[in-house]
Amino acid sequence: MKTKDISELFGIAPSTLSDWSKEGNKKHTLAKLLKNMSMDDVKEILSKEPKSKSKPVMLLSTVNCSIGNKQKHFTLTGLKNLFYKKEPLNVYDKYALKTIKNEALEKELEDFTNYYRISPKRVETVLASL
């Protein structure tokens, strides 16, 4: 790509790119890479969707915000395990599930269950058991 293309596409000032292009600069390799890539390749890379989904932390945040004792906060795995517990639920487990049932947005729960592949029937059963 040309300096003008790099500047327009990435917002890197030509003077900055010139500095990066000097031997010994930490970003020398990056400048070299940008200059040697074709505009079509860059556009193709930028148009691709990310492969990995981000973790659904909103539900976790909703649950943990209502628990004052930080030592009792849930992790994503701990929250997921609530839907698979075989032993009786403790006070914090019940509180977390009630918080999910009463305060969580439908989208938060949907993102969480889709990410961890928890069946909607299981979620419905667990939440209904409270």
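**View 1. The buried side of helix 7.** In helix 7 (residues 91-103), the buried residues are Asp-93, Ala-96, Leu-97, Thr-99 and Ile-100. Seen down the helix axis, these buried residues fall within an arc of 155 degrees, so they line one face of helix 7. The arc is taken from the directions that run from the helix axis to the C-beta atoms. Buried means under 20% relative accessible area, exposed means over 50%, and partly exposed lies in between (1.4 Å probe, protein chains only). Helices are DSSP runs (H or I, at least four residues), numbered from the N terminus. The model is predicted: local features need pLDDT of at least 70, side-chain atom pairs count only at pLDDT 80 or more, and totals for chains, interfaces and linings use all residues. Residues are numbered from 1 along each chain as its sequence is written, and side-chain values use heavy atoms, with hydrogens and water left out.

**View 2. Length, start and surroundings of helix 7.** At 1.5 Å a residue, the 13 residues of helix 7 should span 18 Å, and its end C-alpha atoms are 17 Å apart, which agrees. The expected span is 1.5 Å times one less than the number of residues. At the start of helix 7, a side-chain oxygen of Asn-90 reaches to within 2.9 Å of the backbone nitrogen of Tyr-92. Exposed residues Val-91 and Asn-102 sit on the face turned away from the buried side of helix 7. The cover over the buried residues of helix 7 includes helix 5 (57-65), helix 6 (76-81), helix 8 and helix 9 (120-128).

**View 3. Thr-99 in helix 7.** Thr-99 is found in helix 7 and counts as buried, at 4% relative accessibility. Leaving aside neighbours within four places in sequence, Thr-99 is in contact (heavy atoms within 4.5 Å) with Thr-62, Val-63, Ser-66 and Ala-104.

**View 4. The two sides of helix 8.** Glu-108, Leu-109, Phe-112, Thr-113 and Tyr-116 are buried in helix 8. Down the axis of helix 8, its buried residues fall within an arc of 120 degrees, so they line one face of the helix. The face turned away from this buried side carries the exposed residues Glu-106 and Lys-107. Helix 5, helix 6, helix 7 and helix 9 are included in what covers the buried residues of helix 8. Just after helix 8, Arg-117 takes a positive phi of about 55 degrees.

**View 5. Glu-108, a buried charge.** Glu-108 is buried yet has no salt bridge. The nearest side chain of opposite charge, Lys-107, is 11 Å away; Lys and Arg count as positive and Asp and Glu as negative, while His and the chain ends are not counted. Leaving aside neighbours within four places in sequence, Glu-108 is in contact with Met-58, Leu-59 and Thr-62.

**View 6. The salt bridges.** The structure holds three salt bridges, each a side-chain nitrogen of Lys or Arg within 4 Å of a carboxyl oxygen of Asp or Glu. Lys-85 and Asp-93 meet at 2.3 Å, N to O; Lys-85 is partly exposed at 31% relative accessibility, whereas Asp-93 is buried at 5%. Lys-107 and Asp-111 meet at 3.0 Å, N to O. Lys-107 and Asp-111 are four residues apart in helix 8 (residues 106-116), and therefore separated by about one helical turn. Lys-107 is exposed, with a relative accessible area of 51%, and Asp-111 is partly exposed, with 31%. Lys-22 and Asp-19 meet at 3.5 Å, N to O, and Asp-19 is partly exposed at 38%.

Technical notes
A polar contact is a pair of N or O atoms within 3.5 Å; within protein, one must be able to donate a hydrogen and the other to accept it, and residues adjacent in sequence count only if both atoms are side-chain atoms.
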